[in-house]
Amino acid sequence: MRCLAPLLLAPALIAACQPASSPAGDGPVLSYEDAFIMAPIGGRDVTMGGIRITVEGGDVTLTGARSDVAATVETHTMAMVDDKMTMRPVESFEIKDGETLELKRGGDHLMLFGVVPDLAAGEAANIAFTFETADGETLTLEADAEVRARGE
(Lines give C-alpha, C1' and ligand atoms only; values in the text may rest on other atoms or scores of the structure.)
Protein backbone atom coordinates (compact mmCIF):
# COMPACT_ATOMS: atom_id res chain seq x y z
CA MET A 1 0.00 0.00 0.00
CA ARG A 2 1.36 3.37 -0.92
CA CYS A 3 1.33 6.06 1.75
CA LEU A 4 1.23 9.54 0.28
CA ALA A 5 0.83 11.60 3.46
CA PRO A 6 4.19 12.70 4.90
CA LEU A 7 2.62 12.75 8.35
CA LEU A 8 2.36 8.98 8.18
CA LEU A 9 6.13 8.70 7.75
CA ALA A 10 6.93 9.15 11.47
CA PRO A 11 4.99 6.05 12.62
CA ALA A 12 6.55 4.11 9.76
CA LEU A 13 10.03 5.07 10.93
CA ILE A 14 9.17 4.03 14.48
CA ALA A 15 7.93 0.71 13.14
CA ALA A 16 11.29 0.30 11.39
CA CYS A 17 12.83 -0.46 14.77
CA GLN A 18 10.57 -3.47 15.22
CA PRO A 19 12.21 -6.82 14.37
CA ALA A 20 10.75 -9.40 12.02
CA SER A 21 11.18 -12.98 13.11
CA SER A 22 10.76 -16.39 11.56
CA PRO A 23 7.19 -17.73 11.36
CA ALA A 24 8.00 -20.44 13.92
CA GLY A 25 9.20 -17.79 16.40
CA ASP A 26 12.73 -19.19 16.64
CA GLY A 27 15.76 -18.88 14.42
CA PRO A 28 17.00 -15.71 12.76
CA VAL A 29 15.46 -12.35 13.69
CA LEU A 30 15.72 -9.56 11.11
CA SER A 31 15.59 -5.83 11.76
CA TYR A 32 16.26 -2.79 9.60
CA GLU A 33 17.12 0.90 9.67
CA ASP A 34 17.32 3.72 7.16
CA ALA A 35 15.21 2.24 4.35
CA PHE A 36 14.98 4.73 1.49
CA ILE A 37 14.17 5.16 -2.18
CA MET A 38 15.46 8.12 -4.18
CA ALA A 39 12.72 10.07 -5.98
CA PRO A 40 13.23 9.42 -9.70
CA ILE A 41 14.70 12.17 -11.85
CA GLY A 42 11.86 13.84 -13.78
CA GLY A 43 10.34 11.62 -16.43
CA ARG A 44 12.42 8.54 -15.53
CA ASP A 45 10.99 5.30 -14.18
CA VAL A 46 14.27 4.01 -12.72
CA THR A 47 15.79 4.84 -9.35
CA MET A 48 17.87 3.39 -6.54
CA GLY A 49 17.30 2.62 -2.89
CA GLY A 50 19.02 1.41 0.21
CA ILE A 51 18.61 -0.06 3.68
CA ARG A 52 20.59 -1.51 6.59
CA ILE A 53 19.42 -5.04 7.51
CA THR A 54 20.71 -6.81 10.63
CA VAL A 55 20.24 -10.47 11.55
CA GLU A 56 20.51 -12.07 14.99
CA GLY A 57 20.14 -15.77 15.75
CA GLY A 58 21.37 -17.33 12.51
CA ASP A 59 22.66 -16.72 9.01
CA VAL A 60 20.31 -15.70 6.19
CA THR A 61 20.55 -15.03 2.48
CA LEU A 62 18.68 -12.09 0.91
CA THR A 63 17.13 -13.64 -2.19
CA GLY A 64 14.78 -10.96 -3.49
CA ALA A 65 12.84 -7.75 -3.02
CA ARG A 66 9.62 -6.21 -4.30
CA SER A 67 7.90 -2.87 -3.80
CA ASP A 68 4.46 -1.34 -4.14
CA VAL A 69 5.96 1.52 -6.20
CA ALA A 70 8.02 -0.43 -8.78
CA ALA A 71 7.43 -3.21 -11.27
CA THR A 72 10.83 -4.77 -10.49
CA VAL A 73 13.36 -4.47 -7.65
CA GLU A 74 16.87 -5.85 -8.14
CA THR A 75 19.87 -6.10 -5.81
CA HIS A 76 23.08 -4.73 -7.34
CA THR A 77 26.76 -4.58 -6.53
CA MET A 78 28.94 -1.60 -7.39
CA ALA A 79 32.67 -1.77 -7.95
CA MET A 80 35.38 0.37 -9.50
CA VAL A 81 36.97 -1.46 -12.44
CA ASP A 82 39.70 0.30 -14.44
CA ASP A 83 38.66 3.64 -12.88
CA LYS A 84 35.05 3.12 -13.98
CA MET A 85 32.05 2.44 -11.78
CA THR A 86 30.36 -0.81 -12.76
CA MET A 87 27.03 -2.04 -11.46
CA ARG A 88 25.88 -5.61 -11.75
CA PRO A 89 22.69 -7.32 -10.62
CA VAL A 90 23.24 -10.13 -8.12
CA GLU A 91 20.89 -12.92 -7.12
CA SER A 92 21.62 -12.78 -3.40
CA PHE A 93 23.52 -11.32 -0.46
CA GLU A 94 24.53 -13.48 2.50
CA ILE A 95 24.19 -11.97 5.98
CA LYS A 96 25.98 -13.78 8.82
CA ASP A 97 24.54 -13.95 12.34
CA GLY A 98 25.19 -10.63 14.12
CA GLU A 99 26.15 -8.77 10.94
CA THR A 100 24.50 -5.95 9.01
CA LEU A 101 24.06 -5.72 5.25
CA GLU A 102 24.20 -2.11 4.08
CA LEU A 103 22.70 -1.21 0.72
CA LYS A 104 23.52 2.42 -0.10
CA ARG A 105 24.53 4.99 -2.70
CA GLY A 106 28.02 4.35 -4.02
CA GLY A 107 28.02 0.68 -2.97
CA ASP A 108 25.79 -2.36 -3.03
CA HIS A 109 22.25 -1.05 -3.52
CA LEU A 110 18.71 -1.64 -4.75
CA MET A 111 17.63 -0.73 -8.28
CA LEU A 112 13.93 -0.10 -8.88
CA PHE A 113 12.53 -0.31 -12.42
CA GLY A 114 9.06 0.66 -13.66
CA VAL A 115 8.63 3.15 -10.82
CA VAL A 116 5.19 4.76 -10.56
CA PRO A 117 5.24 8.16 -12.28
CA ASP A 118 4.05 10.27 -9.34
CA LEU A 119 6.52 9.07 -6.68
CA ALA A 120 7.82 12.15 -4.85
CA ALA A 121 10.13 13.05 -1.99
CA GLY A 122 8.44 13.02 1.41
CA GLU A 123 6.27 10.01 0.65
CA ALA A 124 6.72 6.49 1.99
CA ALA A 125 6.75 3.21 0.11
CA ASN A 126 6.85 -0.46 1.06
CA ILE A 127 9.75 -2.74 0.20
CA ALA A 128 9.37 -6.44 1.05
CA PHE A 129 12.59 -8.44 1.30
CA THR A 130 12.72 -12.25 1.02
CA PHE A 131 15.36 -14.31 2.83
CA GLU A 132 16.26 -17.95 3.08
CA THR A 133 17.70 -19.52 6.24
CA ALA A 134 20.36 -22.25 6.34
CA ASP A 135 17.62 -24.88 6.80
CA GLY A 136 15.57 -23.64 3.83
CA GLU A 137 12.97 -21.59 5.71
CA THR A 138 11.72 -18.47 3.91
CA LEU A 139 11.49 -15.19 5.86
CA THR A 140 10.02 -11.87 4.79
CA LEU A 141 10.96 -8.44 6.12
CA GLU A 142 8.55 -5.58 5.34
CA ALA A 143 10.25 -2.18 5.34
CA ASP A 144 8.69 1.27 5.13
CA ALA A 145 11.05 3.31 2.97
CA GLU A 146 11.30 7.08 2.97
CA VAL A 147 11.25 8.62 -0.51
CA ARG A 148 14.13 11.12 -0.60
CA ALA A 149 14.95 13.99 -2.93
CA ARG A 150 18.22 13.91 -4.86
CA GLY A 151 21.05 15.10 -2.65
CA GLU A 152 19.46 13.91 0.63
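Thr54 has Thr100, in β8, as its bridge partner. That link belongs to an antiparallel pairing of strand β3 (residues 46-56) with β8, joined by 4 bridges; strands count as paired if DSSP finds at least two bridges between them. This is a predicted model, where local features need pLDDT of at least 70, side-chain atom pairs need pLDDT 80 or more, and totals for chains, interfaces and linings use all residues. Numbering starts from 1 along each chain as its sequence is written, and side-chain values use heavy atoms, with hydrogens and water left out.

| Face of β8 | Residues |
|---|---|
| covered | Leu101, Leu103 |
| uncovered | Thr100, Glu102 |

Now for Asn126, which sits in strand β10 (residues 124-133). Asn126 counts as buried because its relative accessibility is 17%; the cut-off for buried is under 20% relative accessible area, with exposed over 50% and partly exposed in between, using a 1.4 Å probe and protein chains only. Its side chain makes a polar contact of 2.8 Å with that of Glu142 (a pair of N or O atoms within 3.5 Å, one able to donate a hydrogen and the other to accept it; residues adjacent in sequence count only if both atoms are side-chain atoms). Beyond neighbours within four places in sequence, Asn126 is in contact (heavy atoms within 4.5 Å) with Arg66, Ser67, Asp68, Glu142, Ala143 and Asp144.

Zooming out, the chain has 1 helix and 11 strands, taken as DSSP runs (H or I, at least four residues; E, at least two) numbered from the N terminus. Buried residues make up 40% of its 152 residues.
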